[in-house]
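Student: I would like to learn how to read a protein model, feature by feature. Could you take me through one?

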Amino acid sequence: MIPRPFGLLAELTYRCPLHCPYCSNPVRYPTAQPELDTDEWIRVFQQAADLGVLHALLSGGEPLQRKDIGTLIAAAHDAGLYTNLITSGVGLTPSSAKRLKLAGLDNVQISFQADDPVLANSIAGTNAFRLKLLAVRAVQEIDLPLTLNVVLHRFNIHRIPQIIEFAVSLQAKRLELANTQYYGWAFKNRKALLPSFQQIEVAAQVVAEARKTYQNRIEILYVLSDYYSPRPKPCMNGWGRRYICVNPIGDVLPCPTAYEIPNLTFDNVRAHSLQWIWEHSEAFNCFRGTEWMQEPCCSCPYKEIDFGGCRCQAALLTGDPSVTDPVCELSPHHPLLEQQLQVSTPPLSPMEEMKDKMSYRVYP
Amino acid sequence: MIPCNSLPPNVIPKLAPYARLQQDRVTGKMALVYPEGVLLLNDTGAAILRLCDGHTDLATICSQLGEQYSVSADNLLADVQTYLHRLYQRNLIRFDGEPPSCDQKRP
């Protein structure tokens, strides 16, 4: 039996004023078709709710680049979806924040690149830090729930204590510290971005201590990178099982990074309903359930727990999306991951070196 | 963290500001939706959370549930404490009225 989805990831646009080198957007954007227009997105939200979706992440690119963002939030809200705006904060003013709240926005997540303005701006490839501070203030003034998010990598992971202090000083109640996952631009830049094992170990200790210190003042979510986990994550909670992703041009993907998988074709909301795609799209059915699995997954007691890990990661590291995620210690391809980590553990580089080593995200 | 059996009867539980109760159209059950996901609730869970409105204290919640399910409030207390505590650990419930942390009670 085909399960029902609970979450919709709506990537409203690939446009973004930031150029973060760890972006998970595709390095080669699909540029042949235009972005979905307002009515097309409204239809997506309604069809998602009809399918059983309860929860919408409105993301991008930078979703505030859509001039119709207020209308889109209202449409998602009216369809009965919980709405969570994932934004850089650039473009969020007191008046626009107020408008989005009235439209029915449930939660805002604002990203920061670091606590230090110079470092933050050099990671973002643009001077966005000051605008982000204004966005935080705008969200707090109208009492909208706010989560701060910082993606961690070799150039900022040593500043976790300062980042936490910074979040506390902004009176944020939730902070998500998410280690970079290596897809899209991040995969392209992985050699520059990967922290050393020592940095990862120190970071875990620092977070554990900070959780005690700030217990009642801020909630700290900490997400480890797959590359440093002994077991793979249950990616998307299982392929085609819980989540449905619609990208800016209307392609429907089982995972936002599924463009990484070669020879996989995606259906589009301009041609089919979401329900048809959820049930019949080849992209959803090819890795749904456990039938497609190879050893060591087939006979593994964890196969219904981690679902073989991440298909995109398997494709990126081995070229074959149907093998066990190489992150898994049981995978015959696990040595590939160790090789990746060995070539990527130089000492911390100064910022100038960072600029030479990385490709900043550009669009298109 | 506050131990679950020490939730005092005058504590006032409230959903976290970013958490929302809503009906799931597929099953007809209530769901608790929050920034990272969804928790599908059983009927008793939903009944408890409907009363976590930021005005009703734990003792009143138990007596109202007791009437609803024809059980004595005393028999319900431990189960409700455990349930609320589990959600508190997942940061989906806040407490007003009493300080939420044991640490704050230390001399």
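Student: Is Asp39(A) buried or exposed?

Tutor: A residue is called buried if 20 or more other C-beta atoms lie within 10 Å of its own, exposed if 12 or fewer, and partly exposed in between, with the C-beta atoms placed from the backbone. Asp39(A) has 11 C-beta neighbours inside 10 Å and therefore counts as exposed. Asp39(A) sits in helix H1 (residues 38-51) of chain A, where helices (H or I, at least four residues) and strands (E, at least two) are DSSP runs numbered from the N terminus. Please keep in mind that this is a predicted model, in which local features need pLDDT of at least 70 and side-chain atom pairs count only at pLDDT 80 or more, while totals for chains, interfaces and linings use all residues. Residues are numbered from 1 along each chain as its sequence is written, and chains are lettered from A and ligands numbered from 1 in the order in which they are written.

Student: Which helix holds Asp356(A), and is Asp356(A) buried or exposed?

Tutor: Asp356(A) belongs to helix H15 (residues 351-357) of chain A, and because 8 other C-beta atoms lie within 10 Å, Asp356(A) is exposed. Its C-alpha atom is separated by 27 Å from that of Val202(A), which is 154 residues apart from Asp356(A) along the chain.

Student: Which residues touch the most other members of the largest nonpolar core?

Tutor: A nonpolar core is a set of buried Ala, Val, Leu, Ile, Met, Phe, Trp, Tyr and Cys residues joined through C-beta atoms within 7 Å. The largest one here has 131 residues, of which Phe45(A), Ala48(A), Ala56(A), Leu81(A), Ile244(A), Val252(A) and Leu274(A) touch the most other members. Helix H2 (residues 69-78) of chain A gives the most to this core, namely six residues. To see what touching looks like, take two residues as in contact if their C-beta atoms, placed from the backbone, lie within 7 Å. Leaving out residues up to four places away in sequence, Leu81(A) touches several residues, including Leu8(A), Phe45(A), Ala48(A), Val53(A) and Ala76(A).

Student: How are two packed helices described?

Tutor: Two packed helices are described by the angle between their axes and the distance between the axes. The axes are lines fitted to C-alpha atoms, for helices over the stretch in contact, and the angles run from 0 to 180 degrees between N-to-C directions. In chain B, helix H2 (residues 58-69) and helix H3 (residues 73-89) pack at an angle of about 120°, with their axes 9 Å apart. Angles under 35 degrees count as roughly parallel, over 145 as roughly antiparallel, 65 to 115 as roughly perpendicular and the rest as oblique, and H2(B) and H3(B) are therefore oblique to each other. The residues of their contact divide into eight nonpolar, two polar and no charged, where Ala, Val, Leu, Ile, Met, Phe, Trp, Tyr, Cys and Pro count as nonpolar, Asp, Glu, Lys and Arg as charged, and the others, Gly among them, as polar.

Student: At what angle do helices H6 and H9 of chain A cross?

Tutor: The axes of helix H6 (residues 160-169) and helix H9 (residues 197-213) of chain A cross at roughly 30° and come within 10 Å, which makes H6(A) roughly parallel to H9(A). Ile160(A), Pro161(A) and Ile164(A) of H6(A) meet Ala203(A), Val206(A), Val207(A) and Ala210(A) of H9(A), so that by class this contact has seven nonpolar, no polar and no charged residues.

Student: In what order do the elements of chain B run?

Tutor: Chain B has three helices and five strands, and from the N terminus on they run β-β-β-β-α-α-α-β. Buried residues make up 25% of its 107 residues.

Student: Which residues does a cis peptide bond join?

Tutor: One cis peptide bond joins Gly60(A) and Gly61(A), with omega about 15°, and another joins Glu295(A) and Pro296(A), with omega about 5°.
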